[in-house]
Amino acid sequence: MAEVIIMPKLGFNMNEGKLVKWYKQEGDSIKKGDNFFSIETDKTNMDIEATSDGIVRKLLIQEGAQIPVTLPIAVIAGKEEEIAEVINRAMADLGKETSEETQNFNLPSIEDETDTADNDYDVIVIGGGPGGYVAAIKAAQMGKRTAIIEKDSFGGTCLNAGCIPTKALLRSAEAFNEVKESVRFGITGVEILKARLDFGKIQERKEQVVRQLVGGVQGLLKGNGVTIIKGEGRLIEKNIIEVEGRKYSTEHVIIATGSASKELSIPINPKMEVLTSKEMLDIQEAPKTMVIIGGGVIGVEFAYFLASTGTQVTIIEFLDRILPMVDEEITAQVSARLENLGIVIHTSAKVTEITDKAVRFEKNGQEQQIETEKVLMAVGRIPRLEGIDCKRLGIKVDRGAIVTDSALRTSLPNVYAIGDVNGKVMLAHTASMEGIIAAENICGHQTEMDYDRIPSAIYIQPEIASVGLTEAAARLKYGDVKVGRFPLMANGKAKVAGEERGLVKVITEPQYGEIVGVHLYCIHATDMIGEAVVAMKLEATAEEVAMSIHPHPTVSEAIHEAMHGAGGKAIHFI
């Protein structure tokens with residue numbers, strides 16, 4: 001994305017500066033930290049460094065010119081990025097008219113392996129999920145002729161059979177629980193014993209939400225000038241994609257084909273109804289009993305939903321605890337919460353067979369079985385590579401996932417892979433950021449993906465959200481870390497809301513007090529984790545966040561208190 005460089009304001013009383021020297025000229029490559037220009041004020045001379053990578057596309061003022069602070073003086077962008085509008089706005093800010101000479105700022109094209117003039121598109125994205133459609137929009141916004149190929153509905157698994165519909169079901173369960181607990185808040189006249197969940201209406205609302213969001217994605221694509229191609233895309237050459245018998249050429253390809261539900265290689269009797277998360281989203285009534293194989297995010301969210309509707313749920317997890325990616329202290333509290341809802345949890349258990357009436361598993365060296373009406377297979381997801389013959393094309397694959405570098409490039413220079421298909425972090429928001437970074441690199445920027453600060457969210461009640469290292473991982477890496485905790489029972493807003501379960505936990509490294517992990521188990525956790533992500537991105541210390549004023553009364557004050565705890569003691573808890 002084009003960056004407009006301004007005359008910097010170096011002091012409170014500085015009103016203007018003189019451009020003494022340009023260290024880079026138009027067409028030169030520049031990296032973040034390179035000396036770009038020097039300026040002179042009435043107090044000092046100073047060299048100013050570049051704040052991003054790119055190419056110097058336009059110098060707006062000459063050496064020796066003196067102009068007020070904050071006015072534009074140069075533009076840095078990708079070598080082929082369209083910046084006409086940026087230049088026009090900058091010239092207007094300078095009070096200059098845009099002449100034919102100033103419009104002639106695009107760099108001459110550089111010949112590479114592909115003759116871009118003969119291609120149908122500059123960028124083609126295969127897959128319209130949260131990674132694919134974001135990548136397409138970003139590429140189009142940066143001036144690339146962009147097309148996106150999607151065989152089903154836009155939004156991918158997340159929007160159509162994952163994040164959004166799952167949360168719609170969970171919201172219905174949450175509303176149902178609120179009705180059952182309404183007497184606590186002084187509500188009378190409600191016949192709580194007669195309250196029921198109407199699955200027909202739940203499904204109707206879920207579908208309405210999904211339809212609106214899918215339509216919104218298509219509107220965004222069209223509004224940004226992205227060509228939509230319906231059908232299944234097959235990458236037949238590094239720059240040729242075939243859709244329904246028609247071939248399209250492109251300079252760059254972004255693979256965003258997503259993932260599919262994983263299955264266990266065990267005997268399964270066809271008389272037992274075994275569902276994946278996709279089929280679970282369309283159930284028309286709550287089963288009396290359900291065994292969920294897998295205690296990860298998908299399994300736990302569906303367990304919470306079904307238990308709220310009255311289903312007797314059993315979770316069977318191969319590892320020694322559910323939610324193994326979550327901080328162990330929080331997992332213990334979550335397990336207790338689920339068990340209070342009547343959910344039976346078996347950990348360190350290996351499923352061996354699904355019969356017509358039961359799920360069999362081994363635990364502590366003994367064979368056990370649980371009779372059930374239905375089974376949910378929630379053992380994870382695997383990259384979907386249909387239409388991508390990686391072996392023939394020479395695209396490196398590791399354990400079923402396309403290998404990419406930090407810029408999302410594959411082993412083919414013009415081919416990128418984002419989202420679940422690269423197997424790094426299978427989360428929708430990860431895919432979206434990977435899409436942005438892939439597009440920026442295609443457009444000449446040198447941007448890298450940061451996988452150390454990706455938040456995760458689990459939508460039971462109370463919610464779970466985290467970013468960074470767990471306490472165990474932090475101790476393994478740093479040794480004697482500091483940990484700040486604050487229980488929600490000491491938070492005023494949580495008490496008012498009637499949901500005091502959970503805690504906020506902050507972990508800092510010992511040398512500087514930098515935050516390396518934040519874990520929330522509380523109401524509104526998924527909405528608050530963004531603060532921790534930004535703090536960690538800026539390499540903030542717990543003290544810096546603790547000294548930032550948080551509004552009262554809010555649940556976010558618990559983060560503030562935990563930060564105090566990491567540096568010494570919380571204020572409102574002994």
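Guide: In this predicted model, a charged surface patch is made of residues with over 30% relative accessible area and no salt bridge, like charges being joined within 9 Å.

Visitor: Which cysteines form a disulfide, and how far apart are their sulfur atoms?

Guide: A pair of cysteine sulfur atoms has to lie within 2.5 Å to be taken as a disulfide, and by this rule the count comes to 1 disulfide. The cysteines that form a disulfide are Cys158 and Cys163, with their sulfur atoms separated by 2.5 Å.

Visitor: What is the handedness of the disulfide of Cys158 and Cys163?

Guide: Of the two partners, Cys158 is buried at a relative accessible area of 16%, whereas Cys163 is partly exposed at 30%. The torsion about their S-S bond is about -130°, so the disulfide is left-handed.

Visitor: Is Cys443 buried or exposed?

Guide: Residues under 20% relative accessible area are classed as buried. Cys390, with a value of 7%, falls in that class. For Cys443 the relative accessible area is 3%, and therefore this cysteine is buried.

Visitor: What is the omega of the peptide bond that joins His552 and Pro553?

Guide: Most peptide bonds are trans. Pro553, however, sits in the loop between α15 (542-546) and α16 (557-567), and a cis peptide bond joins this proline to His552. A cis bond also runs from Gln461 to Pro462, with omega near -5°, and Pro462 belongs to the loop between β28 (456-458) and β29 (463-468). For the bond of His552 and Pro553, omega is about -5°.

Visitor: What is the phi of Leu323?

Guide: Most residues other than glycine have a negative phi. Leu323, in the loop between β18 (312-316) and α9 (328-340), counts as buried because its relative accessibility is 0%. Ser348, a residue other than glycine with a positive phi near 50°, is by contrast partly exposed at 39%. The phi of Leu323 is likewise positive, near 45°.

Visitor: How many Å apart in space are Val496 and Phe185?

Guide: Val496 lies in helix α13 (residues 492-497) and is exposed, with a relative accessible area of 65%. In sequence, Val496 and Phe185 are 311 residues apart, while in space their C-alpha to C-alpha distance is 9.7 Å.

Key: Residues numbered from 1 in each chain as written. Predicted model: local features only at pLDDT ≥ 70, side-chain atom pairs only at ≥ 80, totals over all residues. Heavy atoms only, no water. Helix = DSSP H or I, 4+ residues; strand = E, 2+ residues; numbered from the N terminus. Buried < 20%, exposed > 50% of the residue type's maximum accessible area, 1.4 Å probe, protein only.
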